[in-house]
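Let's take a walk through this structure together. Keep the picture in view as you read, and look up each residue when its name comes up.

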Amino acid sequence: MAVTGDDTESDATGDVPAYQLRSPDSDLAQGAVMSLSGGHAPRGEEVTRKREVRLMKNREAARECRRKKKEYVKCLENRVAVLENQNKTLIQELKTLKDIYCHK
């Protein structure tokens, strides 16, 4: 009986593919024959593809993080400008009130 790869369990668990026994009347030669069914890429190519997908997702996440950080910094800068203007106004009002109080 020949042994062939069955990718149903490997897709679910991410482990090495499970193997099933094939009858001797199949086209495969006698002995243990390990093959990837379903046209999957060899292990090295799969690892490379997964790495590239992970790197692409990481780049996208980093890009989004930088965009959010720029937006946050702009909000803080706007808030600083508003508070500086408010502070100037309050300082001016305080000076005016001190002048009025001192002159009485």
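**Finding your way around**

The protein chain has two helices and two strands; helices (H or I, at least four residues) and strands (E, at least two) are DSSP runs, numbered from the N terminus. Follow the sequence along and the pattern reads β-α-β-α.

A word on what you're looking at: this is a predicted model, where local features need pLDDT of at least 70, side-chain atom pairs count only at pLDDT 80 or more, and totals for chains, interfaces and linings use all residues. Residues are numbered from 1 along each chain as its sequence is written, and side-chain values use heavy atoms, with hydrogens and water left out.

How far can you trust each part? The score to check is pLDDT, the predictor's confidence in each residue, from 0 to 100. The protein chain averages 78, and 60% of the residues score at least 70. Among its elements, helix α2 has the highest mean pLDDT, at 96, while helix α1 (residues 7–13) has the lowest, at 47. Over residues 6–12 the pLDDT is below 50, and this stretch has twelve contacts in the model beyond near neighbours in sequence; a contact means heavy atoms within 4.5 Å. Residues 28–37 also stay under 50, and the model gives them 22 contacts beyond four places in sequence. Where pLDDT is low, the predicted coordinates should not be read in detail.

Now for the chain as a whole. Buried residues make up 5% of its 104 residues. Here, buried means under 20% relative accessible area, exposed means over 50%, and partly exposed is in between (1.4 Å probe, protein chains only). The protein chain exposes about 9,400 Å², with carbon and sulfur atoms supplying 56% of that; accessible areas come from the Shrake-Rupley method with a 1.4 Å probe, and for residues, only the protein chains shown count as cover. Take the contacts with a separation of 6 or more: residues 24 or more positions apart account for 41% of them.

Next, let's go to helix α2, which spans residues 43–102. Side chains of opposite charge can pair when their charged atoms come close. A salt bridge is a side-chain nitrogen of Lys or Arg within 4 Å of a carboxyl oxygen of Asp or Glu, and by this rule there are five.

Start with arginine 43 and glutamate 46, whose side chains meet in a salt bridge at 3.9 Å, N to O. Both lie in helix α2, three residues apart, about one turn of the helix. Arginine 43 is exposed at 56% relative accessibility, whereas glutamate 46 is partly exposed at 24%. Glutamate 46 also forms a salt bridge with lysine 50, at 3.4 Å, N to O. These two are separated by about one helical turn because they sit four residues apart in helix α2. Lysine 50 is partly exposed, with a relative accessible area of 44%.

Further along, arginine 67 pairs with glutamate 71 in a salt bridge, their closest N and O atoms being 3.1 Å apart. They, too, are four residues apart in helix α2, so about one helical turn separates them. Both are partly exposed: arginine 67 at 42% relative accessibility and glutamate 71 at 45%. Looking back, salt bridges that share partners join Arg43, Glu46 and Lys50 into one network.

What about nonpolar side chains? Tyr72, Val73 and Leu76 form a nonpolar patch on the surface, with about 280 Å² of accessible area together. Patches are made of residues with over 30% relative accessible area and no salt bridge: like charges are joined within 9 Å, nonpolar side chains (Val, Leu, Ile, Met, Phe, Trp, Tyr) within 5 Å. Tyrosine 72 lies in helix α2 and is exposed at 54% relative accessibility.

Last stop, the cysteines. The structure holds zero disulfides, a disulfide being a pair of cysteine sulfur atoms within 2.5 Å. Cysteine 65 is exposed at 52% relative accessibility, and cysteine 102 is exposed at 59%.
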